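Which residues make up the core, and which side chains meet in salt bridges?

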Amino acid sequence: NNLINLCTPVTSEVMMNALNSKGIMVSSKSTCGSRKNEPSRVLKSMNINDEYAIRVSFDAHNTKEEIDYFIESIKEVINKYGRN
């Protein structure tokens, strides 16, 4: 699996819910930090507001079409809910 962290102009909760409604599952917390109610120390060290961060996992079984769908879905959510 390959993990990436994306920061968008949409809060992670809104982004997760919007992507979930499109059949895309993402997370807003790292696996090891999911039970803590503290900001990610890694994101904090990079001066990234974790309220706008999502974690995405890809693997060798993901198709180009799935990745394209994910990218288009992110764009749609940002266009609909993003802060200006």
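Contact here means heavy atoms within 4.5 Å. The model is predicted. By the contact criterion, and leaving aside neighbours within four places in sequence, I24 touches L19, Y69, F70 and S73.

**Nonpolar core**
- The largest nonpolar core holds 12 residues in all: V10, M15, A18, L19, I24, V26, I54, V56, F58, F70, I74 and V77.
- At least two residues of this core come from each of α1 (12-21), β2 (53-58) and α3 (64-81).
- I24 belongs to this core, as do its contact partners L19 and F70.

- The structure has three salt bridges.
- One of them joins the side chains of E76 and K22, at 2.6 Å from N to O.
- E76 lies in helix α3 and K22 in the loop between α1 and α2 (41-45), so that this pair links parts of the chain 54 residues apart.
- E76 is partly exposed at 43% relative accessibility, and K22 is partly exposed at 27%.

- K64 pairs with D68 in a salt bridge whose closest N and O atoms are 2.7 Å apart.
- K64 and D68 are separated by about one helical turn because they stand four residues apart in helix α3.
- K64 is exposed, with a relative accessible area of 57%, whereas D68 is partly exposed at 34%.
- K75 and E72 form a salt bridge of 3.5 Å, N to O, and are three residues apart in helix α3, about one turn.
- K75 is partly exposed at 44% relative accessibility, and E72 is partly exposed at 40%.

Key. Residues numbered from 1 in each chain as written. Predicted model: local features only at pLDDT ≥ 70, side-chain atom pairs only at ≥ 80, totals over all residues. Heavy atoms only, no water. Core = buried A, V, L, I, M, F, W, Y, C linked by side-chain atoms within 4.5 Å. Buried < 20%, exposed > 50% of the residue type's maximum accessible area, 1.4 Å probe, protein only. Salt bridge = Lys/Arg side-chain N within 4 Å of Asp/Glu carboxyl O.
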